[in-house]
Amino acid sequence: MRRPAATIAVSGDGDRLALAGVLAVSTLGEARRSLKTLSKAGASRSLDIAGLDDLDTPGALWLCSLRDNGVELTGVRPQHQSLLDLICRLDLKPLPKVAPVPRWRQLVVDLGAGCHDTRHGLVELITFVGRAASWTVSALIHPAELRPAAISRHIAETGIQALPIIGVMAVMIAVVIGYQGVAQLRPYGGEDLTINLVAVSVLREMAVLITAIMVAGRSGSAFTAEIGVMQTREEVDALKVMGIEPMQVLVVPRLIALVITLPLLAAFADIMGLIGGAAIAQVLLQVSPSQYLTRLPHVVSGGDLFVGLFKAPIFAFFIAVIGCMHGLRVGGSAESVGRETTLAVVKSIFVVLALDALFSVLFERLGI
Amino acid sequence: MSGRAKAMSEPILSARGIVNRFGAQLVHDQLNLDILPGEIVGIAGGSGAGKSVLLKTLTGLHRPDAGDVVLNGKSVQSLGAAEKASLIGVLFQQGALFSSLSVAQNIMLPMREHTTLPANEREQLAAMKLALTGLPADDGIKFPGALSGGMVKRAAFARALALDPQILFLDEPTSDLDPIAASGIDSLIRQLNETLGVTVVIVTHDLTTLFTICGRIAVLVDRKLTVDTADELMKSTHPWIHEFFHGPRAEGAMEARRTSHGN
């Protein structure tokens, strides 16, 4: 049994040396040093190991290398002999070295791989958008293909359960804009316009944007993780073998559910944002809620509401498609679920913001 | 090493009065188990009988509701990190190789943490452990994702052996393997036990493993352990144990036992 304070002792003169004690990984360094000082100029020819109480595999490996270098091992105990035989007989090759790639070359490789991946990802996204759209349209034309139970479950998960967090965030974003508005407009005596600023920016941009980002982080990632785990457990393959199309049962219900819930959530965020605006008006501008309500119709138009809510289903479509696409892209291993989930969230938020920028230009041109 | 083992008649692992319960469900009721140095002990039991929980209890990963596990004279819960690492090695069912490290880095990780060996010697030792478990050195630079099931088990074996532990705990070492790979693992276990003198505790369903390499078998049934040699357990009148050792699958495994013991 290996004792905590294992010791090794090397004794003898230059030609005949003896080891006694425990030759284990903890005492190997000491044994090697003592042997080197005792056997000057590598003159030792034989090593007696009869006094060894204990030997482990690193110790045996060292003894084997000594033996290979012409040292004769004597007094080997039978139980050590079998270990020595086993270790010495092993065909030991050094671990292969991976040649390091120069940094500039790695940079070029990364750049090329990045471009290739981007192009590939874009083609994949476009293809998947097409497939998802065609399956959704086919489900809408043949309502028998729709799965109401799955759709309602996803509506509950992506919509109803998200209400508290989205409500709180909408109020907070209105407060943030309100404070900034008052601070910036007060020097010009226009702090009253803060009400316009908050209402218009919430209705046109902030409510829908905050909702879409939240839903991408909350539900888009959940879509990827759910489908990804099914993919790793071969559940998706099981569907295919049963002649059930994964697009139809996994993607379409999620897509329809999200296209229904995101506009509703955005409308809810609109209301909560306006309530936040009312609170700001009361606190910072001493405008009472009833005055706020009477002013509101003069400040915002139906166009502002339309611009905000029009974008919601489009964002929802892309969030759902990207989430499901990355879920189905998961390979066999569990770690790819994490990777694809991260990718899905990053990509869907990017797409949401890019589309929003595009819409801003578009609506400006159209004069809405 | 086997000498050091046989000189000791004190159990190297001693579990006393182990009680585990989850909620109202009692999984283990006052289990006792003594394992002598150099033994190979198999732990068998039906699915859901609590074999994995028992293994976690023995290795100190799970603290039992009552009772204690004593490894090498010390309670498993009080062992220090380095002490524990050099005392026990665990082969997890799925290998549990760290996917971000290459096979060789996996093997070298415990050495780097708990020894003062320089890097080149760690690599040399890792190559030796790979050779010991029958993997070519070229596989050392592969990542776990690129290995087949049998190779994962062997690589995980090599990592469990990294610090020359005295007790190896193997969780289903032959599951998910083809019969050839499974026999390879069986003979590897026996070889390591004979040459390194390492004590082995195997949790398994594999009757061939139980019959051919385990000296004693601990059967976990009705929340209790029945520990005996396969021959004695064959005579048991307990219906589950009787079924386990006399069912259609047991016959073929017994045949393997007769062949291997005849040699």
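Mentor: The model is predicted, so local features need pLDDT of at least 70 and side-chain atom pairs pLDDT 80 or more, while totals for chains, interfaces and linings use all residues. Residues are numbered from 1 along each chain as its sequence is written, and chains are lettered from A and ligands numbered from 1 in the order in which they are written.

Trainee: Why is A:Ala132 called buried?

Mentor: Buried means 20 or more other C-beta atoms within 10 Å of a residue's own, exposed means 12 or fewer, and partly exposed lies in between; C-beta atoms are placed from the backbone. A:Ala132 has 20 such neighbours, so A:Ala132 counts as buried. A:Ala132 sits in helix 4 (residues 103–141) of chain A. Helices are DSSP runs of H or I with at least four residues, strands are runs of E with at least two, and both are numbered from the N terminus.

Trainee: Which residues does A:Ala132 touch, leaving out those up to four places away in sequence?

Mentor: They are A:Met247, A:Val251, A:Leu255 and A:Val321. Contact means that C-beta atoms, placed from the backbone, lie within 7 Å.

Trainee: What makes strand 1 and strand 4 of chain A edge strands?

Mentor: The open sheet has four strands in the order 1-2-3-4, with mixed pairing. Strand 1 (8–12) and strand 4 (72–74) each have a single partner strand, so one side of each is left without a neighbour in the sheet.

Trainee: How do you know that strand 3 of chain A pairs with strand 4 of chain A?

Mentor: Pairing takes at least two bridges found by DSSP. Three bridges join strand 3 (residues 46–55) to strand 4, and the two run parallel. That meets the cut-off, so they pair. One bridge links A:Leu47 to A:Leu73.

Trainee: Where does helix 7 of chain A bend, and by how much?

Mentor: Helix 7 (residues 194–232) bends by about 60 degrees at A:Val202. The bend is the angle between axes fitted to the seven residues ending there and the seven starting there. Just after this helix, A:Glu234 has a positive phi of about 65 degrees.

Trainee: How far apart are the domains of chain A?

Mentor: Domain bounds come from an automatic or database domain assignment. It gives domain 1 (8–89) and domain 2 (117–366). Their C-alpha centres lie 71 Å apart.

Note on methods:
Two residues are in contact if their C-beta atoms, placed from the backbone, lie within 7 Å.
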